[in-house]
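Student: Please take a close look at one part of this model for me. Which aromatic rings form pairs, and what lies around them?

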Amino acid sequence: LIFDVGRRRTPMIVTAWKNGAHRRIGTSYGVKLEVADRDEHFDPSAESVLIQIENGSVPFCVNTKKKSLWNSTCRELISSRIREWMFETGIAPWRDNSPPSLKLEPVKSGLFRLSRK
C-alpha cells in the first residue's frame, strides 16, 4: 500500500452511503468522505486501504483505485463487509435522506478504524 495518513490523526466524520434500496444483498454500502479528508488522508496512486470495524475485526481491503473516489460528487469507500456490519449493528436501514454519521479514524499508514459516532 502506498499511503500517507497526513499529519492529522483525529477521526474523520463520514456519512453512511448506499446505492439503492436497503437490501442485505445486492445493494452496495459504504461511507462517503468529505473532499478535504479524502485529500489529506488518501493517496490517489494507492490501490487500496485497510479498514478495521470497531469490534476489532480483522482488517479488510477496500479499493481506492477508482475514478469515483476522486471526483467531486461520489467519494465513497464501498465494501460488502461494511454493508454486513451496518445491518448487524442496526445502522442500516436508515430513513430515506437521513444517513447516519460514522467515525473513520486513521490508525497507522494504510489502516483505518470505522466505528459508530
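Tutor: Tyr-29 is buried, and so is Phe-87. Buried means under 20% relative accessible area, exposed means over 50%, and partly exposed is in between, with a 1.4 Å probe and protein chains only. This is a predicted model, in which local features need pLDDT of at least 70 and side-chain atom pairs count only at pLDDT 80 or more, while totals for chains, interfaces and linings use all residues. Residues are numbered from 1 along each chain as its sequence is written, and side-chain values use heavy atoms, with hydrogens and water left out.

The whole structure has three aromatic pairs. Rings of Phe, Tyr and Trp (its six-membered ring) pair if their centres lie within 6.5 Å; planes under 30 degrees apart are stacked, over 60 edge-to-face, and the rest tilted. One of the pairs joins Tyr-29 and Phe-87, which sit edge-to-face, 5.4 Å centre to centre with 75 degrees between the planes. Tyr-29 is in strand 2 and Phe-87 in helix 2, so this pair links distant parts of the chain, 58 residues apart. Helices (H or I, at least four residues) and strands (E, at least two) are DSSP runs, numbered from the N terminus.

Phe-42 and Phe-112 are stacked, because their ring centres are 4.8 Å apart and their planes are at 10 degrees. Phe-42 lies in the loop between helix 1 (35–41) and strand 3, and Phe-112 in strand 7, so the pair ties together parts 70 residues apart in sequence. Phe-42 is buried, at 5% relative accessible area, and Phe-112 is buried too, at 0%. Ring pairs also link Tyr-29, Phe-87 and Trp-94 into a cluster.

Next, the helix that carries Phe-87. Helix 2 covers residues 80–89, and its buried residues are Ile-82, Arg-83, Trp-85, Met-86 and Phe-87. An α-helix has 3.6 residues a turn, so residues three or four places apart point the same way. At the start of helix 2, a side-chain oxygen of Ser-79 comes to within 3.0 Å of the backbone nitrogen of Arg-81. Just after the helix, Gly-90 has a positive phi of about 85 degrees.

Now the core. A nonpolar core is a set of buried Ala, Val, Leu, Ile, Met, Phe, Trp, Tyr and Cys residues joined through side-chain atoms within 4.5 Å. The largest one has 25 residues, of which Ile-51, Leu-77, Met-86, Leu-102, Leu-104 and Leu-114 touch the most other members. Among the elements giving two or more residues to this core are strand 1 (12–18), strand 2 (29–32) and strand 7 (111–116). Helix 2 gives the most, with four residues. Leaving out residues up to four places away in sequence, Leu-77 touches several residues, including Tyr-29, Phe-42, Ile-51, Ile-82 and Leu-104; contact means heavy atoms within 4.5 Å.

Strand 2 also has a charged link. Lys-32 forms a salt bridge with Glu-76, and their closest N and O atoms are 3.1 Å apart. Glu-76 lies in strand 5 (residues 76–78) and Lys-32 in strand 2, so the pair ties together parts 44 residues apart in sequence. A salt bridge is a side-chain nitrogen of Lys or Arg within 4 Å of a carboxyl oxygen of Asp or Glu. Glu-76 counts as buried at 5% relative accessibility, whereas Lys-32 is partly exposed at 24%.

Technical notes: A polar contact is a pair of N or O atoms within 3.5 Å; within protein, one must be able to donate a hydrogen and the other to accept it, and residues adjacent in sequence count only if both atoms are side-chain atoms.
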